[in-house]
Amino acid sequence: VQLVESGGGSVQPGESLRLSCQASGNTFKFKSKGWYRQAPGKQRELVAVIRNSGDTDIADSVKGRFSISLDDDKYAMYLQMNSLQPEDTAIYYCRIEGGEVPFLYDYWGLGTQVTVFS
């Protein structure tokens with residue numbers, strides 16, 4: 001399965017973007033589907049994740065501004081980002097992990113750049 005992100009871009013503070021992650025096929029028995037980001041000179045960090053239980057985790061730094069959603073029929077996930085700030089500038093990656101031993105998988109996309117002007 002391949003993951004392809006889209007929807008990144010350059011925006012002014014306070015504006016919104018919606019990122020999309022398209023999977024090339026179904027991901028059976030997934031453990032989690034989520035978005036991560038990596039800013040220049042920083043480690044990759046979790047932004048938002050949905051677990052197979054339906055529970056979601058949102059990073060404190062984006063809570064109340066970002067939301068994650070799935071469209072299982074389209075093999076897609078989305079990250080709605082509102083009230084963007086310069087500190088949100090990063091490459092955003094989607095990730096799907098799951099499976100059962102010994103057939104575990106951990107898929108990552110190549111990322112999409114989000115730049116918020118300061």
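## Strands and their pairing

Two strands are said to pair if DSSP finds at least two bridges between them, and strands (E, at least two residues), like helices (H or I, at least four residues), are DSSP runs numbered from the N terminus. This is a predicted model, in which local features need pLDDT of at least 70 and side-chain atom pairs count only at pLDDT 80 or more, whereas totals for chains, interfaces and linings use all residues. Residues are numbered from 1 along each chain as its sequence is written, and side-chain values use heavy atoms, with hydrogens and water left out.

Strand β11 (residues 112–116) is joined by three bridges to β9, and these two run antiparallel, with A90 standing opposite V114 of β11. Three bridges also join β11 to strand β2 (residues 9–11), in this case in parallel, and here V116 is the bridge partner of V11.

## The disulfide

The structure holds one disulfide, a term used for a pair of cysteine sulfur atoms within 2.5 Å, and it joins C21 to C94 with an S to S distance of 2.1 Å. Because C21 lies in strand β3 (residues 17–23) and C94 in strand β9 (residues 90–100), the pair ties together parts that are 73 residues apart in sequence. Both C21 and C94 are buried.

## A buried glutamate

E5, found in strand β1 (residues 3–6), is buried yet has no salt bridge, the nearest side chain of opposite charge being R44, 7.6 Å away; Lys and Arg count here as positive and Asp and Glu as negative, while His and the chain ends are not counted. A polar atom of the E5 side chain lies 2.9 Å from the backbone nitrogen of C94, and one lies 2.8 Å from the backbone nitrogen of G111.

## Salt bridges

Nine salt bridges are found in the whole structure, each being a side-chain nitrogen of Lys or Arg within 4 Å of a carboxyl oxygen of Asp or Glu. One of them links R95 with D106, the closest N and O atoms being 2.8 Å apart; R95 lies in β9 and D106 in strand β10 (residues 103–108), so the pair ties together parts that are 11 residues apart in sequence.

Another salt bridge joins E45 and R37 (2.7 Å, N to O), where R37 is buried at 6% relative accessible area and E45 is partly exposed at 36%. R37 and E45 also belong to a network of salt bridges that includes R65 and D88.

Notes: Buried means under 20% relative accessible area, exposed over 50%, partly exposed in between (1.4 Å probe, protein chains only). A polar contact is a pair of N or O atoms within 3.5 Å; within protein, one must be able to donate a hydrogen and the other to accept it, and residues adjacent in sequence count only if both atoms are side-chain atoms.
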